[in-house]
Amino acid sequence: MSSVVQDSRTAGRASASYDTEQYRPGKPITDWEPENELFWKSIGGKVATRNLWIAVPALLVAFVVWQVWSVTATNLKDVGFGYSTSQLFWLTAVPGLTGGTARILYTFLGPMVGQRRFTALSTAVLVVPLIWLGIAIQDPTTPYAVMVAIAALCGIGGANFASSLANIGFFFPKAKKGSATGVNGGLGNLGVSVVQLLTPIVITWSTLAIGSAQHKADGAPVHLQNAAFLWVPVLLVLAAVAWFGQNDLKVASTPFSRQKIIFKRKHNWLMTWLYVGTFGSFIGFAAALPMLIKTTFPDYSIATYAWMGPAVGALARWGGGWIADKWGGARVTILSFAGMAVAIVGVIDFLPSGGDGGSFHGFFLCFLAAFLFSGIGNGSTFRQIPAIFRGTHLKGLREGTPEYAKALKQAETESGAVTGFTSAIAAYGFFFIPALFGSVAVTSAMWGFVAFYISCMVVTWWFYARKNAEAPS
């Protein structure tokens, strides 16, 4: 008997009635009933927690690879690379394009291959672009096209999020999904801050360096390759831990033919719109902020400030999932968009304009607020998705019946697929926001974001939050 719910045949099953061998690290699991309280307390909670805490550091370092160019690009001119500011913004943006595209593939591959195997393989493969980057960055004559290719491969790191979040959601009961995905996504998102905080430090370490040093205009040596080579052994260790420590959850194994139904679901597209507003903003602002500081307020240190925004957003995601579990996802999502809109208006007000040099501290504090509310919204929207699909599929069905169990399995399948797909499309924010800042006036782009957030508030209220809403969540 394999089921994701407690039904009339599994009610009251004790832990002794399960084949406990299958729950050991590295084993495939065929019996998984997170809604069964006895099962969850005796076996399920421990296994789910182990799989979660192995997934978190693997996802964090995948984000490091995805975001490594957000800091690397800011250092290239200093060591003799002759790229224009527009080209540097595009190097920052390219990983977002490949990351978003690869996420679409990873969304459906993860449940097909299994959490353990897919986490291990998708983590190990990231050593390839890092080694290439570490070699290429030592030579200022490296062609721009080569750097674009490396940036594109680094983008694959962002795809791990889609498979990780979709798979982890299957391990937890309804009441804990928001918190679990908030922890996984939030701490995974911290990879953005980690790379932006550590890169300016590790590139000064000569004892760590493999290869030749680069020199700034004043003759000071730096080792930009450290930002890439540092993570290679870490990735290999994490891949091994996932391979030997996680489980493949067979009940979550789903062929593409059963997942593709989400493209016919209206709420898949509506939640994608909302998640573009939350995560798309978070990851796009995180990618663009270092270059934005350097070009708009050049007197202020990127190393000192850039990492703070992503850190605030990542930790807020954790809290956003927990708050949404308590208060309801739709309410928290509306709050997050309202906060983001107000924060971006503040950013606009503090930008340099005409002869006015602007206010960096006002600009930066408002950006921190935007990150805060985007993180909260990241957690709340992922809490909404399973609630929406459960409500839609289970409407009118009686708990404990075979029809209920079948409908709940389909709801879980679709929730996982929608979670991955929305994250894939939202990841394009990593591409479009830096590219936008590199192509049009920053102020014009910011006003566009404000208008978009208002549209997200309207969608959330109409479909999910108002009285008699179509899908309360």
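Author: Start with contact: heavy atoms within 4.5 Å. In this chain, residues 24 or more positions apart account for 81% of the contacts with a separation of 6 or more. Note that the model is predicted: local features need pLDDT of at least 70, side-chain atom pairs count only at pLDDT 80 or more, and totals for chains, interfaces and linings use all residues. Residues are numbered from 1 along each chain as its sequence is written, and side-chain values use heavy atoms, with hydrogens and water left out.

Reader: How many helices and strands are there in the chain?

Author: Helices (H or I, at least four residues) and strands (E, at least two) are DSSP runs, numbered from the N terminus. The chain has 18 helices and four strands.

Reader: What radius of gyration would a compact globule with 473 residues have?

Author: The radius is taken over C-alpha atoms, and the globule rule is 2.2 Å times the number of residues to the power 0.38. That gives a value near 23 Å for 473 residues, and the chain agrees, at 23 Å. Its C-alpha trace spans about 75 × 50 × 35 Å along the principal axes.

Reader: What share of the residues is buried?

Author: Buried means under 20% relative accessible area, exposed over 50%, and partly exposed in between (1.4 Å probe, protein chains only). Here 60% of the 473 residues are buried.

Reader: How do I read the span of a helix?

Author: The expected span is 1.5 Å times one less than the number of residues. Take α7, residues 174-202: its 29 residues should span 42 Å, and its end C-alpha atoms are 42 Å apart, which agrees. Helix α2, residues 85-113, also has 29 residues. From first C-alpha to last, α2 reaches 41 Å, close to the expected 42 Å.

Reader: Where does α2 bend?

Author: The bend at a residue is the angle between axes fitted to the seven residues ending there and the seven starting there. α2 bends by about 30° at Tyr 106. After α2 comes Gly 114, with a positive phi near 115°. α7 has a kink of about 30° centred on Ser 193.

Reader: Is Ile 262 buried or exposed?

Author: Ile 262 is buried, because its relative accessible area is 0%. Ile 262 lies in the loop between α10 (256-259) and α11 (266-296). Leaving aside neighbours within four places in sequence, its contacts include Phe 108, Trp 269 and Phe 421. Its C-alpha is 8.8 Å from that of Ser 415, 153 residues apart along the chain.

Reader: Which backbone oxygen lies 2.6 Å from a polar side-chain atom of Thr 74?

Author: A polar contact is a pair of N or O atoms within 3.5 Å; within protein, one must be able to donate a hydrogen and the other to accept it, and residues adjacent in sequence count only if both atoms are side-chain atoms. For Thr 74, the oxygen is that of Val 71. Thr 74 belongs to helix α1, residues 37-76, and is buried at 6%.
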